Amino acid sequence: MSYGSYTHSIGFGFVPTTNDYKVVRFVYDESPRGNKAPTEVEVYELTTASWRNVNVGDFPYVVRRHSPQALLKSVVHWIGHNPTKVGGSFGSVIISFDLTNEELGVLMVPTSLQDKRCLQIARFGESVSLVHRAYNSSVIWVMNEYGVRNSWTKLFTIDDPGRDKIGKVLHFRENGDILFVRQLDDFMFDQGDLVSYDPKSKQIKDLGLHGHTNLFYVVTYMESLILLKA
């Protein structure tokens with residue numbers, strides 16, 4: 001299919017009840033007359049090796065461009081917003097897609113962050129977390145009770161270590177370290193290095209990967225001896 005003046009967002013995950021891997025794709029109209037609501041939502045199943053359309057009804061939210069995914073119990077999450085919303089609020093939300101029943105949902109962000117644009121999403125243990133990127137620091141929030149807006153808790157703040165700039169937080173490791181993209185300088189904000197940051201010692205370890213900030217992603221996985229059907 002040729003989308004022309006369309007853009008898309010993608011999510012990926014495993015469904016244990018059917019022992020299958022799925023890819024979900026949102027297609028948005030980027031033309032001048034487009035309202036940027038999902039024109040199509042498609043699902044690819046590894047077992048059938050085919051795409052099919054999913055009816056999601058009148059869903060007003062769109063996935064933020066370049067938003068990474070956070071996979072939690074077969075539910076994929078992205079940062080999104082309502083492109084038709086007017087007024088003082090930007091309308092930031094978390095969009096969810098349940099890979100098991102193939103239903104869209106919305107989680108509300110903390111009230112203080114609903115008009116913020118510099119939001120990132122990540123998995124923190126078995127919880128959904130938000131990263132609010134400020135001028136010289138990043139504030140980490142965790143949703144302690146899934147789906148309950150009042151359960152958001154501000155966990156900690158990461159100050160920019162020295163002259164290094166935190167461009168994009170990617171993953172919270174089990175040992176407490178944080179993977180993020182280190183921005184090279186104020187004039188090359190789209191280029192960075194993959195580094196690991198220890199919040200306790202405030203030490204940075206360069207992991208030897210360099211590239212465009214928006215092209216760095218982390219996906220968690222579980223080792224298995226099960227053969228994939230293709």
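**Figure 1. Arg123 and its salt-bridge partner in the predicted model.** R123 has a relative accessible area of 24%, so this residue is partly exposed. In this predicted model, R123 forms a salt bridge with E126, and the closest N and O atoms of the two side chains are 2.7 Å apart. The structure holds six salt bridges.

**Figure 2. A salt-bridge network of K22, E45, R52 and E102.** Salt bridges link these four residues, K22, E45, R52 and E102, in a network. Between K22 and E45 the closest N and O atoms are 4.0 Å apart. K22 and E45 are both buried. Between R52 and E102, which also form a salt bridge, the closest N and O atoms are 2.5 Å apart. R52 is located in strand β4 (residues 50-53), whereas E102 is located in the loop between β8 (92-98) and β9 (103-108); the pair therefore ties together parts that are 50 residues apart in sequence. With a relative accessibility of 32%, R52 counts as partly exposed, while E102, at 13%, counts as buried.

**Figure 3. Edge-to-face aromatic pairs.** The whole structure contains eight aromatic pairs. One of them joins F59 and Y61: the ring centres are 5.7 Å apart and the planes stand at 65°, so the arrangement is edge-to-face. Both F59 and Y61 are buried. F180 and Y197 form an aromatic pair that is also edge-to-face, with 6.0 Å from centre to centre and 70° between the planes. This pair links distant parts of the chain, with F180 in strand β15 (residues 178-183) and Y197 in strand β16 (residues 191-198), 17 residues apart. F180 is buried, its relative accessible area being 1%, and Y197 counts as buried at 3% relative accessibility.

Figure 4. F12, F14 and Y21 are linked into a cluster by ring pairs. At W51, the charged end of R25 sits over the ring, 4.0 Å from the ring centre.

**Figure 5. Burial of strand β11.** Strand β11 (residues 127-133) is largely enclosed by the rest of the structure, because seven of its seven residues are buried. In a regular strand, side chains alternate between the two faces of the sheet. Both faces of β11 are covered. One side carries S127, S129, V131 and R133, the other V128, L130 and H132, and all of these residues are buried.

Figure 6. Strand β10 (residues 119-124) pairs with β11 in the antiparallel sense over six bridges. Across this pairing, L119 stands opposite H132 in β11. The hairpin of β10 and β11 has two residues between the strands, and G125 takes a positive phi near 65° there. β11 also pairs with strand β12 (residues 137-143), in the antiparallel sense and over five bridges. In this pairing R133 stands opposite S138 in β12. The hairpin that β11 and β12 form has three residues between the strands.

Definitions and conventions: Residues are numbered from 1 along each chain as its sequence is written. This is a predicted model: local features need pLDDT of at least 70, side-chain atom pairs count only at pLDDT 80 or more; totals for chains, interfaces and linings use all residues. Side-chain values use heavy atoms; hydrogens and water are left out. Buried means under 20% relative accessible area, exposed over 50%, partly exposed in between (1.4 Å probe, protein chains only). Helices (H or I, at least four residues) and strands (E, at least two) are DSSP runs, numbered from the N terminus. Rings of Phe, Tyr and Trp (its six-membered ring) pair if their centres lie within 6.5 Å; planes under 30 degrees apart count as stacked, over 60 as edge-to-face and the rest as tilted. A charge sits over a ring if NZ of Lys or CZ of Arg is within 6 Å of the ring centre and within 35 degrees of the ring normal. Two strands pair if DSSP finds at least two bridges between them.
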